[in-house]
Amino acid sequence: YPSANVLPENMLKFYLHFSEPMAIGEASKNIRLIRTGGGQVPLPFLELAEELWDPDGKRLTLFFDPGRVKRGLKPHQEHGRALAAGGEYGLHINASWRDAMGRTMTENFSKQFRACAVDYKQPDPVKWKVGVPSAGTRDPLRLEFSEALDHGLLERVLVVYNSQGEAVSGVSRVAKGEKEWNWKPDHPWHEGNYRIVVEALLEDLAGNSIGRLFEEVDGM
């Protein structure tokens with residue numbers, strides 16, 4: 001993720017999902033960013049002493065170097081962003097990457113995408129559309145966003161409350177290129193008022209959250 005094939009020049013991160021727990025410490029030698037017709041992009045990702053894995057070891061969060069993404073910082077001034085609007089790229093994962101049991105992947109993986117213009121706008125919940133389910137059913141509650149949002153955050157920062165202020169149990173699913181969030185309750189809906197509460201840290205693909213811009217832009 002993100003699953004779209006057109007991504008902003010100033011995008012902040014990828015999520016890489018694996019079918020098995022993976023060996024730790026092998027990311028940097030098994031991931032390459034290639035620009036079509038331009039060869040490998042040098043040092044596009046943030047180098048960390050400890051890789052950012054989920055507790056199961058199946059999801060890696062891969063950040064673009066924020067110093068290159070954000071203008072005014074030395075890495076950006078010296079090297080620019082790893083992505084350039086209009087460029088076509090491939091994120092390549094080597095099959096030699098081992099899992100926690102020492103087994104290599106069955107084949108290489110590649111995600112092809114094109115970079116588009118920078119995104120300097122915050123997500124605006126006012127523009128979201130709500131699909132309301134019917135009482136007595138377990139039909140999903142649906143939120144449609146005006147842009148693709150961060151997949152990992154969508155899975156954990158939205159909560160549904162009933163009219164008594166109690167969190168309702170259910171299962172969420174992110175859909176339509178991270179532009180839709182569906183939430184199915186464990187039990188049928190009761191007639192009444194509900195609230196969807198979203199944490200202000202929910203971000204778009206460029207790291208702009210509901211609460212703040214990733215990068216302040218003059219004149220905006």
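Start at the largest cavity: select Tyr1, Pro2, Lys13, Tyr15, Asp150, His151, Asp204 and Leu205, which line it. A cavity here is a set of points, on a 1 Å grid over the protein atoms alone, where a 1.4 Å probe fits but cannot get out, and lining residues have an atom within 4 Å of a point. The space inside comes to about 60 Å³. A volume is the space filled by probe spheres set on the points, with grid points joined across faces, edges and corners. The structure has one cavity of 30 Å³ or more. Colour the lining by type: four residues are nonpolar, one is polar and three are charged. In this scheme Ala, Val, Leu, Ile, Met, Phe, Trp, Tyr, Cys and Pro count as nonpolar, Asp, Glu, Lys and Arg as charged, and the others, Gly among them, as polar.

A word on the model. It is predicted: local features need pLDDT of at least 70, side-chain atom pairs count only at pLDDT 80 or more, and totals for chains, interfaces and linings use all residues. Residues are numbered from 1 along each chain as its sequence is written, and side-chain values use heavy atoms, with hydrogens and water left out.

Zoom out to the whole chain. The C-alpha atoms fill a box of roughly 60 × 50 × 30 Å along the principal axes. Switch to cartoon and find four helices and 14 strands. These are DSSP runs numbered from the N terminus: helices are H or I with at least four residues, strands are E with at least two. Of the 220 residues, 41% count as buried. Buried means under 20% relative accessible area, exposed over 50%, and partly exposed in between, with a 1.4 Å probe and protein chains only.

Next, the open sheet. Five strands run in the order E1-E8-E7-E3-E4, with mixed pairing. Two strands pair if DSSP finds at least two bridges between them. Strands E1 (6-8) and E4 (39-40) are the edges, each pairing on one side only. Select E3 (residues 31-35): this strand pairs with E4 in the antiparallel sense over two bridges. Arginine 35 stands opposite glycine 39 in E4.

Move to E2. Four of its five residues are buried, so the strand is largely enclosed by the rest of the structure. E2 pairs with E6 (residues 59-63) in the antiparallel sense over five bridges. Pick leucine 16 and its bridge partner in E6, leucine 60.

Now show the rings. There are ten aromatic pairs. Rings of Phe, Tyr and Trp (its six-membered ring) pair if their centres lie within 6.5 Å; planes under 30 degrees apart count as stacked, over 60 as edge-to-face and the rest as tilted. Select phenylalanine 18 and tryptophan 53: their ring centres are 5.7 Å apart and their planes at 45°, so this pair is tilted. Phenylalanine 18 lies in the loop between E2 (13-17) and helix H1 (27-30), and tryptophan 53 in strand E5 (residues 52-53), 35 residues apart. Phenylalanine 18 is buried at 15% relative accessibility. Tryptophan 53 is buried at 16%.

Tryptophan 183 and tryptophan 189 form another tilted pair, 5.8 Å centre to centre with 55° between the planes. Tryptophan 183 is buried at 5%, and tryptophan 189 is buried at 7%. Then select Phe14, Phe45, Phe64, Tyr89 and Phe113, a cluster linked by ring pairs.

Last stop: lysine 70. Its charged end sits over the ring of phenylalanine 214, 4.5 Å from the ring centre. Such a contact requires NZ of Lys or CZ of Arg within 6 Å of the ring centre and within 35 degrees of the ring normal.

Terms used:
1 Å grid on protein atoms, 1.4 Å probe; cavity = no way out; pocket = protein on both sides within 12 Å on 5 of 7 lines; lining within 4 Å.
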